[in-house]
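Have the structure open as you go through them.

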Amino acid sequence: MARPDPASSRRTARNAALPLPDQVALVLQGGGALGSYQAGVFEALADTGIEIDWVAGISIGAVNAALIAGNPPERRVERLRAFWDRVTSALPSFPVWHDDQLREFLHEWSAGFVAGFGVPGFFSPRAIPPMLAVPGTMQALSFYDSAALAGTLDALVDWDLLNDGPMRFSVGAVNVESGNFRYFDNRIERIDARHIMASGALPPGLPPIEIDGCLWWDGGLVSNTPLSHVLDNQSGDLLVFQVDLFSAAHDRPRTIMDVMAREKEIRFSSRTRQVSDQLLKLRKEREAIRRALSKLPADLAEDPDMKALAELARESAVNLVHLIYRANAWEGGSRDYEFSARTMAEHWLAGHQAVSGAISKAGLLATNIIDGKTAAFDLSPPATAKPDI
């Protein structure tokens, strides 16, 4: 099936004064149960009329990306909702006391339940611990079996649409034996459930996934954001919504649970921020080179070395919008595997409201897009919201 050119029907977002450039990309970080925040972000972008041309993800971001790219526009939010309702169905929306300590206790209890019994439609504990399994078998390589995720994805994703449709799709994973990181991309190869499961196969919890004779682990082991892949392969000016599930900055820890949470935030968010900062620094340097080259006299500008330098510095503009999840005080180090219905709903709402906050500053984004400038924005609200459930 021929893929239509997404830029050919480019228009302004219908509910915001925001012109859309040649490409709009949605970049989704890994973070387990926090991934429902990404679903809320996408729902709000869809409500605003911002069409996504490219979705790229790592780990749970890969799952959400598949649900988006593998469904027609009118069913994407519905399929995201179906997935998140399924994986949180074992832990209903418990009553909430307005006390951080009590809420933290319930949060940790819910995470303990997941650790003991798994997540419906996602993963389940192995009957035999990996230490007692036969070495070299899949049973010996993880504490949980993720086979259920394949069935869930097959039920909710149209693989033909994902592979042949207009939206570009990319997910990252790590080769277990070589340690090399790579992206599986629907513009290069045919994608199926294995590629999404590979991107989310975080050891030692989940088993590696075999693809073409190689074993693959979670891409977050190397980089928790696929931003570099998107920027390296962009065509034309680009607007990127990067959804980060871990915040780089936070208060000093006060308890051992705070320490566990802060360690995980630093481990995952620092890579994301480092990649983002390095890429944008390089772009600023190239902008400076282009300005300098534009001041050369005509005879020097035609010098082969100057022309080669101009080609190296040539690139399109990028506007990067960070949408960062801000954890509640009661969310500790287990927040990425606390799959309760109430917490899922709160994360979803927080993602939706984060986009509303960003769109309220559409004029700032619009100025840079129209002027063809490269810039990064952190437009996330300072705290998450509470759903009325």
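Contact here means heavy atoms within 4.5 Å. This is a predicted model, where local features need pLDDT of at least 70, side-chain atom pairs count only at pLDDT 80 or more, and totals for chains, interfaces and linings use all residues. Residues are numbered from 1 along each chain as its sequence is written, and side-chain values use heavy atoms, with hydrogens and water left out.

1. Start with Phe 83, which sits in helix 3 (residues 76-87); helices (H or I, at least four residues) and strands (E, at least two) are DSSP runs, numbered from the N terminus. Leaving aside residues up to four places away in sequence, Phe 83 touches Ile 60, Val 63, Leu 67, Leu 149, Thr 152 and Leu 156. Phe 83 has 0% relative accessibility and so counts as buried (under 20% relative accessible area; exposed is over 50% and partly exposed in between, with a 1.4 Å probe and protein chains only). From Phe 83 to Ala 155 is 72 residues in sequence but 9.7 Å in space, C-alpha to C-alpha.

2. Now a helix pair. The axes of helix 1 (residues 36-48) and helix 12 (residues 341-359) come within 6 Å and cross at roughly 40°. Axes are lines fitted to C-alpha atoms, for helices over the stretch in contact, with angles from 0 to 180 degrees between N-to-C directions. The two helices are therefore oblique to each other (under 35 degrees is roughly parallel, over 145 roughly antiparallel, 65 to 115 roughly perpendicular, and the rest oblique). Among the residues making the contact are Tyr 37 and Val 41 of helix 1 and Trp 348 and Val 355 of helix 12.

3. Ser 59, in the loop between strand 2 (54-57) and helix 2 (60-69), has a positive phi near 60° and is buried, at 12% relative accessible area. Asp 212 has a positive phi of about 55° and lies in the loop between strand 7 and strand 8 (214-218), but is exposed at 71%.

4. Finally, where is the cis peptide bond? It joins Pro 203 and Pro 204, with omega about 0°. Pro 204 belongs to the loop between helix 7 (193-199) and strand 7 (209-211).
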